[in-house]
Structures are given as structure tokens and as C-alpha cells.
Amino acid sequence: MFRKVLIANRGEIAVRIIRACRELGVRCVAVYSTADRNSLHAQIADEAVCIGPAATKDSYLNMNAVIQAAINTGAEAIHPGFGFLSENAEFARLCEKNNIVFIGPSYKSIEMLGDKANAKQTMAAAGVPVIPGSDGAVKSLEEAKEIAEKAGYPVLVKASAGGGGRGIRRVDKPEDLEAQIIAAQQEAKNFFGDDSVYIEKFLINPHHVEIQIIADTYGNCIYLGERDCSMQRRNQKVLEECPSPIVNEELRKKMGKAAVTAAKQSGYCNAGTIEFLVDENRDFYFMEMNTRIQVEHPITEEVTGFDLVKAQISIASGEKLSVKQEDIKLTGHAIECRINAENPELDFRPSPGTIRSLYTPGGPGIRIDSAVYQGYTITPYYDSMISKLIAHGANRDEAIIKMKWALSEFIVEGVDTNIDFQLELIKRPEFIEGNYDNGYLGRYMEARRKK
């Protein structure tokens, strides 16, 4: 096991990794920007290093600064969390070059699977169903037109290096294709430094269901059930649940086996998530793979009892997976609500500011993953997440009930939040019945605005 790990991230995921390190007896180093000088992760780590000013390009995305911090503090490994450098193949390669272990897949796997166009080709070669569209990044407008026509409109133009809903454009008719490709390329270039895009068929109102896998360096790979992430606003997840209300045991096994087969054939190691779209016939299609830990990983941990972050660190240190597929049992149901500093009544405008008063719920089955505290200032430089609120019950009905009262007890003063909006959502009959899809929240928001 490592003696010291550097965490190349901030916020609640940095705190989560620090706690996992503590349980493993590993010392941890936090990095922070000047805007995060008073952040929780910088305060509770064994060591903390300032790596630059507030702008992400000068701090959390500054590969050389992060590597140098690891070298100066004697860290043997770096955990990238999610976002920032977590799916950056060049950073993983730089870690290897400096004899630092990257806690995640190899840079070759990130190149193969982190690029969404390449990932689609890899999955198709492994026999995993893929959405009709281009085999890789489109090279010209003429090629894009031909592929879109063959797949059938509507189609999506998607950034090959995208994530977080960035670089995605829906195209309903041929005359709009060129403009949307240009828009997607510009956004992709700005956010990912890569303007390549690919085309895929737009499935109308499917479910977004993802399979969590974890693999070691000895060829062992398992799946840990699925998460339903269909409650989305502009391709951004709002709340997630595990297991999915539309997945039965037969479908779970089919999707899980497909995910494991693909991971093994691509030589994947560490934690990863394979995201599928499931249509009304319960047919599933590969959408993309996230070669990192996910924001919503806690709900999988709650229903499986398996600590994904500790497993990531252990596997990276050379240990074998501690469990086999037959050991994984789904117990109960878990829901995660993302609590953000934003105003739903003003088109979810971010609400930076200082938290004057804070009360978080507790009790059996309630988990809070957070990095805020009373007096903490939410800056405008980074995402607006305050906390991840997780409710775990013996079944879905109980999890919903627990989440309702947990949201009702959650108090944040000083900034606007989406707490009341989340409470509104889980009280909706469509959610209670599990009768929602990727397009539900968009339709609901449109109807809500018209009232």
C-alpha cells in the first residue's frame, strides 16, 4: 500500500478521497488554488500545497504544478477524482514518466475509451450494442451529412472528448446540421482542447442507465449493478437512483456482462462506468465510458456495501480485487440528490456567496458527501455543488420517504439552492412511479414555465 497519495481535485470528492486514505492508513496531500485556501479538503489533509491562482487552467488543470507538488511532498500516487485531469491521457502519461502511480486506468485506456468516438468503435468490436451513427470522429461536412441521413433524423452532434453535457447539439433537420457541428466544435475546443465531433442517432426519450465496473491488474473484473441517471437538465444529471426502476435481473445481467466483456477486451483497469441508453423495448445501446470515479458513486456503495474509492487505491497499489461477482448483492434502494448553489426560478443561475447558516439532515440511511461548512464561501470559479444527499432504504418507497424528510430538514442560508426544487421533483407522481426518462425534466420545466 502507498505511504502517501496526492489528491488532484477539490470539493466533496477530495474530502471523500481523504477519508478513504485515512481508513487505509495512507497519508494524503491536498492541492488547492488561492481561491480555495480555506477549503475543507485543504484543511483536513495531512499536507496542503497551493498550486496556483483561481483559474482552473492555472491551478487544477496545471499538470506540471500538480506533478511538482507530488514530487516535492514525496507522494507515490495521485488520485484525480472526477473532472479536471481525471480523464486526461497526457496527465496519466506524465505521472508514469515521473514514476508516480495514476490511480485510474492507463493512459492507453484513457486514449482508447475516454475519446467517445474511439470508445464506440472499441465497444462495437467487443460485441456491445452501439447507437447507429459514425464509427469515429467525422472528417468533413459531407461525411457528416451522409451519416446523419443514414442514421435518420433527429441526430446528435457530440464532442469526442466531451463530458458533463458539453459539446452536444441536437439536429432535427438536414439544413441545421452544419451550424450545429460548428457550435459543438467551438464548445468542444473551449472546454476540452479538442474540436473533433461524431454523429449518432438521437433516441427519443430513452432511459440513461449506467453500469459500474471495477477491474484489477490481474484480469479480474466485476460489475456492481446499475444506476439510473435519466433525471437530467440540459444533459446534466440532477438526481440518480440505484437500482434503476426499469431494470430487472435479466436485463441487469445482460448489461453487466456486456460491460465486463468490453472492459476485459480493452484491458481496462480500476473503476469505470459504461453508460447505456435503454429504449422503450428495453434494448440497450452503448453511449460512452467514463474512465474515472463518478459523481454518483455513493448510491452504488450504499446498495452493495462496496467502497469504490478504497478499492481504486488498493488496486492501483497492486492488490487484487477483494470480491468476486457472486459476492455482489444489491440490498435495498438508494437515491442521490445533487444540492447546488443555484436558483431554479432564474434558469438555475449559480449563486456564489457565503453560507451564513447550515443544517444538514442525518439519521439511519442518510449520507452527506460535502465540503462546505458554516461560514464557507462558494466562489464563482468552480461548480456550484454544495452537497450530495444520499438516502438508502430497504426498498424504493422507503428511500423516497427518507429523501423527502431529509430534503425538508436541509437548511442552507446565505445562498440560493435547489433543495426545494429537488423536493418538488421527488414528490412528482412520475418519479414516484418510476415513469420518467431522459426527456422528462425538460418537458416538466417547459410546462412549469408556462404556468
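Start by selecting Arg16 and Glu301: the two form a salt bridge, with the closest N and O atoms 2.7 Å apart. The term salt bridge is used here for a side-chain nitrogen of Lys or Arg within 4 Å of a carboxyl oxygen of Asp or Glu. Arg16 sits in helix α1 (residues 11-24) and Glu301 in helix α10 (residues 297-304), so the pair links distant parts of the chain, 285 residues apart. Arg16 is buried at a relative accessible area of 10%, and Glu301 counts as buried at 6%. Buried stands for under 20% relative accessible area, exposed for over 50%, and partly exposed for what lies in between, using a 1.4 Å probe and protein chains only.

Before moving on, a word on what you are looking at. This is a predicted model, in which local features need pLDDT of at least 70 and side-chain atom pairs count only at pLDDT 80 or more, while totals for chains, interfaces and linings use all residues. Residues are numbered from 1 along each chain as its sequence is written, and side-chain values use heavy atoms, with hydrogens and water left out. Helices (H or I, at least four residues) and strands (E, at least two) are DSSP runs, numbered from the N terminus.

Arg367 is buried, as is Glu301.

Next, pick Lys237 and Glu210, a salt bridge with its closest N and O atoms 3.0 Å apart. Lys237 lies in strand β11 (residues 236-242) and Glu210 in strand β9, so parts 27 residues apart in sequence are tied together. Both residues are buried. Now extend the selection to Arg227, Glu240, Glu275, Glu296 and Arg338: together with Glu210 and Lys237, they are joined into one network by salt bridges that share partners. Across the whole structure, a search finds 37 salt bridges.

Now switch to a cartoon view for the sheet. Eight strands form an open sheet in the order β13-β12-β9-β10-β11-β14-β21-β19, with antiparallel pairing; two strands pair if DSSP finds at least two bridges between them. β13 and β19 stand at the edges with a single partner strand each, so one side of each has no neighbour in the sheet. From one strand to the next, the twist averages 25°. Zoom in on β10 and β11, which run antiparallel and are joined by four bridges. There, Asp228 stands opposite Glu241 in β11.

Contact means heavy atoms within 4.5 Å.

For the last stop, select helix α9 (residues 249-265). Its 17 residues reach 24 Å from first to last C-alpha, close to the 24 Å expected at 1.5 Å a residue, where the expected span is 1.5 Å times one less than the number of residues. Which parts cover the buried residues of α9? They include α6 (116-125), β9 (207-215), β10 (221-233), β12 (270-278) and β13 (284-290). Among the buried residues of α9 are Leu251, Met255 and Val260. Finish at Gly267, which follows α9 and has a positive phi, near 70°.

Conventions. Axes fitted to C-alpha atoms, helices over the stretch in contact; angles between N-to-C directions.
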